[in-house]
Amino acid sequence: MEGTYNVYQGEESLGKVHVQKRGLYYKFSCQCELSGQVMYDLQIGWNGGTERLGLLTPIADSRFGLEVSVPVKKIGEGDWHFSLMPRHSVMNVHFVPIHPEEPFSYLSHLEHAYLSVRDGQLGIVLENEK
């Protein structure tokens, strides 16, 4: 099962995963081109199962990646496919730009927030209240 695989979001290929077997573990090295507006988990699927491999983190500019080792017994046999799964709902969030010279008035809402860049502006993405 060693080799290089495409990573898909829907029908679009956004990157590659390189897989190596090291003893009782598979080592997955992934790099993808993403906007950074949404956080994504890398997921592997096979005939009859799936496994979440972890969160892609920024590498440089629009490159995001992940390196992780997973026990062979957790990964099923068959044809593997890799996909990106959004970690946060795009529909239920609010982007708040950060301006270093101004006080940040959303401190009490940071528990479920994450850092993001939109249109070149650094900011915080907050979950909208239900």
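Let's start on the outside, where L115, V117 and L122 form a nonpolar patch with about 260 Å² of accessible area together. Such a patch joins nonpolar side chains within 5 Å, from residues with over 30% relative accessible area and no salt bridge (a side-chain nitrogen of Lys or Arg within 4 Å of a carboxyl oxygen of Asp or Glu). Areas come from the Shrake-Rupley method with a 1.4 Å probe. This is a predicted model, where local features need pLDDT of at least 70 and side-chain atom pairs count only at pLDDT 80 or more, while totals for chains, interfaces and linings use all residues. Residues are numbered from 1 along each chain, and side-chain values use heavy atoms, without hydrogens and water.

V117 lies in strand β10 and is partly exposed at 41% relative accessible area (buried is under 20%, exposed over 50%, partly exposed in between). Strands are DSSP runs of E with at least two residues, numbered from the N terminus. β10 (residues 114-118) pairs with β11 (residues 121-127) in the antiparallel sense over five bridges; pairing takes at least two DSSP bridges. R118 stands opposite Q121, and two residues separate the strands of this hairpin, with D119 in the turn at a positive phi of about 50°.

Most residues other than glycine have a negative phi. D61, in the loop between β6 and β7, has a positive phi of about 45°.

Methods:
Helix = DSSP H or I, 4+ residues; strand = E, 2+ residues; numbered from the N terminus. Patch = residues over 30% accessible without salt bridge, like charges linked within 9 Å, V, L, I, M, F, W, Y side chains within 5 Å. Buried < 20%, exposed > 50% of the residue type's maximum accessible area, 1.4 Å probe, protein only.
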